[in-house]
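Here is a short report on a structure with two chains in contact. Start with the fold, then turn to the interface and one residue.

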Amino acid sequence: MNPGLLSRALWWFGDRYETVTTRLIAARGLAVLRIGYGTLWVLFLLREWGEREAMWGPDATWSPALDRAYATGSGWSGLLRAWFTAVAGLTSAEFDLFYIAAIAVGVAFVLGWHTRIVSILFAFVVVALENRAPLLTDGGDNVLTLMSVYLVFTACGTHWSLDARRRGLRANAQARAALLAGDLAAQSSDSALDRAVEYAPDWRAELAEARRRMAIVAHNGAVLVIAAQICVIYGTAGFLKVQGSMWQNGSALSYVLRLNWFHPWPGLSAWLAGHAIAIAIAGYVTVFVQAGFPFIVFSPRLKYPALAVLVLMHVSIAVLLALPFFSAIMLVGDAIFLPDRFWAAVGRRLLGPAYAQSMSAGETNADGISTGRQPAAVRPTLVFDGDCGFCTASVHILESWCRPDVRFVPWQMLDLAAHGLTEQQVSKAVQWLPVAADAPIRSGAAAVARVLLRSRWPWRPIGALMLVPPISWLAAGAYHLISVNRYRLPGSTPACAVARENAVSAQRLGDLGGGAHDAGSGAGRIELAERDHAD
Amino acid sequence: MSASTPGSGTAPGREPALNPRPLTRSWSRALVGGTTLAVLLVVALHLAATFLYNAPANPVSQRYASSVNRWMQPLFTQNWQLFAPNPVSENIEIDARASLDPDGRLTGWVNLSAQDEAAELGNPVPGHITENQLRNAWFQWLDTHDSNGNPTGANADVMQKYLMAVALERLSGHVGRGTIGSVQIRAITTLIPGPGRTPAQTAPQTRTLDWWSVTHNSSDSSVTQVGTG
């Protein structure tokens, strides 16, 4: 064999090995699965709250005696049998407690609170409750059960979770502490957490790294299993349908639409069943996409249309056959096939820049080892009246409550003409200076709405609402009323405000970044340090 | 497995791993390498078992059937045959009637399916009892009994007791003050009209099961159902 080929093969192998042991694959997609399945579980339990006794209680139709007889007849034994019949042994009060605990576990799972342990509890309650009445379940319950078990092995709490938030805050605090200590050297190294690990005994750091890599390998294996399981579901359903005469002659869906068992909207179903051609096309597309799914997922060009067809199919099933939980559970599973950069974009869109900024220190390489603060992006500016005590106080409240990813600058510190503003404008209302030079300047309520839009939850949706016409008019009116009367409102002590503002604003102006404005004297040193770090 | 770490070995266009701390000891490399091998092995086994479990019967799946079933059941049990190979193309109406103790008075036939259908009508989120209980109870009974109603599977007795419990519970509102001594179930199957189906074929077919004695046929559970249901 050609030695060059061999070395290249070895290199390839080593590279792959490095990848699967150091990189979490589909970390955000797994977070979507965690949030999705957890939410559906909670909604399902709330939906069945009134019928929980009849379904799974000690007096249920599928009685504890039947459950145990079924377990015996199926030949289960040992721990698995104990797990599967765990709920059958509960009294009525114990069962209610278990039910509430199952809801609480679902909520904790959605929030990503101590995710690894909670994921084990989640799998435990899902499997135990679903198997308390195996004859009440459908395909959706089947998928949920499987996924709850697979998720135990994944690191599904690295994004959009309380765990990630905790890590982000901790890393932020450490970075800030290092900064205050004037430890500039720390800024050039990777992160404060890294150094903390370095101070520990050598073998312990080594073990921590080995553990981290083992967790990553297990995660990546579980991701592969989840993806393959979904392919098996669609593939099996598709290949079995290919053999069916009714799917072949295109009549299958017209029968499905006339089944009394799945018939919530008879008028709609009858109307659809009348369109034989459309029914035949829909049936064929369904079979093609399902049978082809295990292959289609490897083709980026075919993947997205196929996923779109599946979304359409599941929405139809949810509505026409009244199987919303089944459909939603299947749809959540499809999320794993969307790339992580897609989910990152969705996350940015939904959560906003304030979240991204607070998490920037928590951007981790898989396991909680922080990569350090990312350089802050250029931020938009809100120009306010630093002479007005009320305005200054409002800005302080806005900053501490909403924590927007926005720079607040009193107009007195700003070269107004350079930013295309006049003194009349800025003393009348707050002005919003967007990052892009060609984007329009907004003022008043529209500016406040944009600040909220860049704030943390729940201010972000409020900001979005304030931009929608009927509400935006009300907001504009309210803003006008307040600004006209602002000198009568509490906190309006101009002289005091000016004195304080000089110190505070100097500090803030430092990260203007552009260098157009002199940051002033007192706070300059800290500013320089911060800018160094950002660079 | 060698834990070779190809220097800055990332393919072009791929983001480098964030902050990788290289492993420096042989024991830690062995730990990670061993875990990787174990994960690979388990994943390969599980995927093979999942495939064979779902694939149609073939020489491979038949040869390893018992191992595959031991691996897959009960935790990874799965069945994706909903609407395949052909969708259900018939409407099944399950009726039940009761003989009341002590005089043997009969109730009329009560349409149990109609209760579910009424609950589902215009309901975007029907519950599992409405959607799955009667249907699964009936099909599982069919699965575990032959055409004469004789048990065929290990769980035949369980399924019969369950179907009876479902029927008794739904009958309880229709028996007035009497006590149910025995119960009879029938299924009326109507093929949905479609291409190649003659009117004779789409006429309703009735299958009436034997009378099941509530006290005799069930030990403890179903009797209490009558009281509580």
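A residue is buried if 20 or more other C-beta atoms lie within 10 Å of its own, with C-beta atoms placed from the backbone. In this predicted model, buried residues account for 27% of the 229 residues in chain B.

Chain B holds eight helices and five strands. Along the sequence, their order is α-α-α-β-β-β-α-α-α-β-β-α-α. Take the chain B contacts between residues at least 6 apart in sequence: 54% of them join residues at least 24 apart.

**The contact between the chains**

Chain B puts 74 residues into the contact, and chain A puts in 75 residues. On the chain B side, five elements are listed as giving two or more residues:

| Element of chain B | Residues |
|---|---|
| Helix H1 | 26-54 |
| Helix H4 | 112-120 |
| Helix H5 | 128-143 |
| Helix H6 | 156-171 |
| Helix H8 | 221-228 |

H1(B) gives the most to this side, with twelve residues. By class, the side of chain B that touches chain A has 35 nonpolar, 30 polar and nine charged residues.

**A residue in chain A**

Trp247(A) lies in helix H13 of chain A, residues 245-248. Is Trp247(A) buried or exposed? Trp247(A) is buried, because 24 other C-beta atoms lie within 10 Å, and the cut-off is 20 or more.

Which residues does Trp247(A) contact, leaving aside its neighbours within four places in sequence? They are Lys241(A), Val242(A), Ala252(A), Gly283(A) and Val287(A). Arg68(A) is 179 residues from Trp247(A) along the chain, and their C-alpha atoms are separated by 39 Å.

Note on methods:
Residues are numbered from 1 along each chain as its sequence is written. Chains are lettered from A and ligands numbered from 1 in the order in which they are written. This is a predicted model: local features need pLDDT of at least 70, side-chain atom pairs count only at pLDDT 80 or more; totals for chains, interfaces and linings use all residues. Helices (H or I, at least four residues) and strands (E, at least two) are DSSP runs, numbered from the N terminus. A residue is buried if 20 or more other C-beta atoms lie within 10 Å of its own, exposed if 12 or fewer, and partly exposed in between; C-beta atoms are placed from the backbone. Two residues are in contact if their C-beta atoms, placed from the backbone, lie within 7 Å. Ala, Val, Leu, Ile, Met, Phe, Trp, Tyr, Cys and Pro count as nonpolar, Asp, Glu, Lys and Arg as charged, and the others, Gly among them, as polar.
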